[in-house]
Amino acid sequence: MSTIKVKEKQFAISIPEAEILTAVQRVADAINHDLEGKEPLFLSVLNGAFMFTADLMKRITIPCEVSFIKLSSYEGTSSTGQVRQLMGLNQCIKGRTVVIVEDIVDTGLTMQKLLELLQAQEPAEVHIATLLLKPDKLKVPLHIEYAAMQIPNDFIVGYGLDYDGFGRNYKDIYTVISD
Ligand code: IMP
């Protein structure tokens, strides 16, 4: 399927599954190397990161835990700038090595807010693993150690990412081609 329709918009394939999985393996290799002995807690940001989290965790070979948090900052195809915490942490992170697992860092506002929320609980260290980064859209300084892939500013769906709730189910990533 080289093009798909999600609601009223047309999308064309831009990152096929094989390319995504190669990038996910690269991130897993780096984390396995860097965080060995630290028993990290992977904190996956729902909903968008669910597919990335599953594929990443299958490739993590060091002892670790995984948990989930739900935040929201997006309506339609542009960031609202409003970040809300919807579903809190039910795990103590004090003194832990935490790895945030995100689908995409766009303006970075969601990540900044999440870092603030986590820092308040005094973790030992917090690392960021994101499947995608739109470097030209970044509005806040963030130290992102693990970015699987960098993409241009276009809106995308698939592999967990949605347009108004739809399109998360595709195994490949698609870029919008019509409004
Ligand atoms: P930020 O706060 O602007 O960095 O936005 C981050 C969140 O916006 C991500 O976790 C996604 O849920 C969503 N997002 C950003 N860009 C896209 C996109 O191109 N497609 C789908 N969702 C996106």
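The buried residues of helix H1 are Ile20, Ala23, Val24, Val27, Ala28, Ile31 and Asn32, where buried means under 20% relative accessible area, exposed means over 50%, and partly exposed covers what lies in between (1.4 Å probe, protein chains only). The model is a predicted one, in which local features need pLDDT of at least 70, side-chain atom pairs count only at pLDDT 80 or more, and totals for chains, interfaces and linings use all residues. Residues are numbered from 1 along each chain as its sequence is written, and side-chain values use heavy atoms, with hydrogens and water left out.

An α-helix has 3.6 residues a turn, so residues three or four places apart point the same way. Helix H1 spans residues 17–34, which makes 18 residues. From first C-alpha to last, H1 reaches 26 Å, close to the 26 Å expected at 1.5 Å a residue; the expected span is 1.5 Å times one less than the number of residues. Helices (H or I, at least four residues) and strands (E, at least two) are DSSP runs, numbered from the N terminus. Helix H2, residues 50–57, is mostly covered, with 6 of its 8 residues buried. These buried residues are Met51, Phe52, Thr53, Asp55, Leu56 and Met57.

Attention now turns to the aromatic rings. A pair of aromatic rings is described by the distance of the centres and the angle of the planes. Here, rings of Phe, Tyr and Trp (its six-membered ring) pair if their centres lie within 6.5 Å; planes under 30 degrees apart count as stacked, over 60 as edge-to-face and the rest as tilted. A search of the whole structure finds 2 aromatic pairs. Phe155 and Tyr163 form an edge-to-face pair, at 6.0 Å centre to centre and with 80 degrees between the planes. Phe155 is buried at a relative accessible area of 11%, and Tyr163 is buried as well, at 6%. The rings of Tyr170 and Tyr174 have centres 5.6 Å apart and planes at 65 degrees, so this pair is edge-to-face. Tyr174 is buried, with a relative accessible area of 1%.

Pro16 and Tyr174 are 158 residues apart in sequence, yet their C-alpha atoms are 8.5 Å apart in space. Pro16 lies in the loop between strand E2 and H1 and is partly exposed, at 35% relative accessibility. Val27, one of the buried residues of H1, takes part in another such pairing: its C-alpha atom is separated by 9.3 Å from that of Glu145, 118 residues away along the chain. Glu145 sits in the loop between strand E7 (125–133) and strand E8 (146–150), and is partly exposed with a relative accessible area of 36%.

The ligand comes next. There are 18 residues around the ligand, and Asp103, Thr107, Gly108, Thr110 and Ile156 come nearest; a residue counts as near if one of its heavy atoms lies within 4 Å. Polar contacts are pairs of N or O atoms within 3.5 Å. One oxygen atom of the ligand is 2.9 Å from a polar backbone atom of Asp106, and an oxygen atom of the ligand lies 2.8 Å from an N or O atom in the side chain of Lys134. A nitrogen atom of the ligand is 2.7 Å from a backbone N or O atom of Ile156. The protein covers 93% of the 490 Å² of accessible area that the ligand has on its own, with areas from the Shrake-Rupley method and a 1.4 Å probe. Strand E4 (65–75), strand E6 (97–105) and helix H3 (109–119) are the elements that give two or more residues to the shell. The largest share, 4 residues, comes from E6. By class, the shell has 7 nonpolar, 5 polar and 6 charged residues; Ala, Val, Leu, Ile, Met, Phe, Trp, Tyr, Cys and Pro count as nonpolar, Asp, Glu, Lys and Arg as charged, and the others, Gly among them, as polar.

Some backbone details complete the picture. A cis peptide bond, with omega about 0 degrees, joins Leu46 and Asn47, and Asn47 is found in the loop between strand E3 (41–46) and H2. Lys7 is not a glycine, but has a positive phi of about 50 degrees. Lys7 is placed in the loop between strand E1 (3–6) and strand E2 (9–15).

Terms used
Polar contact = N/O pair within 3.5 Å; in protein donor to acceptor, adjacent residues only side chain to side chain.
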